[in-house]
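Here's a quick briefing on how this one is put together. Have a look at the model first, then we'll go through the domains, the charged pairs and one of the sheets.

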Amino acid sequence: MAFKLTDKVKWVGKIDWELESFHGQEYSTHKGSSYNSYLVRDEKTVLIDTVWGPYAKEFVENLKKEIDLNEIDYIIAQHSEPDHSGALPLLMKEIPNTPIYCTPNGVKVIKGHYHEDWNFVEVKTGDTLDIGESTLTFVEARMLHWPDSMMTYMSGDNMLFSNDAFGQHYASQHMYNDLVDQAELQQECIKYYANILTPFSPLVTNKIKEVLSLNLPLNMIATSHGIIWRDNPAQIIEQYLKWADNYQENQITIVYDTMWNCTRHMAEAMVEGIKSVDKDVTVKMYNAGKTDKNDIITELFKSKAILFGSSTVNKSIMHGTSGILSMIKGIGFKKKKAAAFGSYGWSGESVGLLEEELKAAKMEIVQEGIKVLWDPDEEAKKQCVEFGKSFAEKVK
Ligand code: FEO
């Protein structure tokens, strides 16, 4: 289903409606995704990125319906992760000598994956490719989000091929930002940023400022996943600048895991306490053992403060909470306040362990954790309400 973006540019990618997870099981894709590949036809013909390997055959066959493959003068591999480079092996069997433009790191990663010595042309920021009326200018985006990542700006059509940046894992036949459900789009954009780009936020800010300083006219941002930004494309750039700046909403999130609901009962009492001192704050509560991990990370990204709870099990914490803590240590959220709680039956290590993990995740622990023996009775529930009140006051 190729479609025309401009007189010179066609989308020739693949919408993956069935995709349930990405990066192995690291990222849930409730709404599928797409692998956006673009065919640019000026005096020269350029293919920008390909698709994930399982769709390589379909991709190459569809591409042949658009063009004699031998007419492709250049391939640009903006990013070597297999969701974009996966069709290269099959494509290069057909056109083995076609030059592949990528960064020096791109050459290493492509060779690392496919063990082929294709006709690579290394490019760096500011290098250009004259393709007729238009010029393609390369902009390296190192560690956004891999060492090899880059973007490509096309003059004339004033289009930025942004690769992973500004994308979303969101399958839609509409393919343009102004045609899709705006709430869905916003949710998939923030989830993508929170889970994938947060660790690189300082680089995001610097790269955007670098590109904006060039004052390039921008009609469209052609991402490599999800929809293409054609209606006010600057809006997603502005969103990224906000999200990269230690973004927070007036939200407290409680994440817990519980064996027999005792820790949940503590959490519910804490919600009561929080709401009694701050009626405006949004409080959300998630059982980490039952809720999608990436949805939780998205909520934590939005939160100014987080309460983590777990029952003690085998002198440790439950794996739902443990998994989320492991993720946030890697993601590296900044300027978030936290505290710990949990129910126990005899040894009661969970709260201390949670606090250690929170410190390791660079969270600011604003008050000593609370633990309750078995299911909280009325007195213990009151203590949990007070715990919630004092937490809300400290993070207000
Ligand atoms: Fe869409 Fe980093 O791959």
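Buried area here is the accessible area (1.4 Å probe) that two parts lose on being put together, summed over both. Keep in mind that this is a predicted model: local features need pLDDT of at least 70, side-chain atom pairs count only at pLDDT 80 or more, and totals for chains, interfaces and linings use all residues. Residues are numbered from 1 along each chain as its sequence is written, and side-chain values use heavy atoms, with hydrogens and water left out.

**Domains and what sits between them**

- The protein chain is split into domain 1 (3-243) and domain 2 (253-395), with bounds that come from an automatic or database domain assignment.
- Taken over C-alpha atoms, the centres of domain 1 and domain 2 are 39 Å apart.
- On the domain 1 side 14 residues touch 12 residues of domain 2, where contact means heavy atoms within 4.5 Å.
- About 1100 Å² is buried between domain 1 and domain 2, and carbon and sulfur atoms give 56% of that.
- Ala194, Asn195 and Thr198 together supply 36% of what domain 1 buries against domain 2, more than any other three residues.
- How many salt bridges are there between domain 1 and domain 2? The count is one.

**Salt bridges**

- The structure has 20 salt bridges, each being a side-chain nitrogen of Lys or Arg within 4 Å of a carboxyl oxygen of Asp or Glu.
- Lys191 and Asp295 make one of them, with 3.8 Å between the closest N and O atoms.
- That pair links distant parts of the chain, since Asp295 is in helix α9 (residues 293-302) and Lys191 in helix α5 (residues 182-197), 104 residues apart.
- Are the two partners buried or exposed? Lys191 counts as buried at 0% relative accessibility, while Asp295 is partly exposed at 22%; buried means under 20% relative accessible area, exposed over 50%, and partly exposed in between (1.4 Å probe, protein chains only).
- Glu94 pairs with Lys64, their closest N and O atoms being 2.9 Å apart.
- Glu210 and Lys207 are three residues apart in helix α6 (residues 201-212), so about one helical turn separates them.
- Glu210 is partly exposed at 33%, whereas Lys207 is buried at 13%.
- Lys284, Glu299 and Lys302 are joined in a network of salt bridges.

**A five-stranded sheet**

- An open sheet of five strands runs in the order β12-β13-β14-β15-β16, with mixed pairing.
- β12 (128-130) and β16 (220-223) are the edge strands with a single partner each, so one side of each has no neighbour in the sheet.
- From one strand to the next, the twist averages 20°, with axes fitted as lines to C-alpha atoms and angles running from 0 to 180 degrees between N-to-C directions.
- β12 pairs with β13 (residues 135-140) in the antiparallel sense over three bridges; two strands pair if DSSP finds at least two bridges between them.
- In that pairing, Asp130 stands opposite Thr135 in β13.
- Helices (H or I, at least four residues) and strands (E, at least two) are DSSP runs, numbered from the N terminus.
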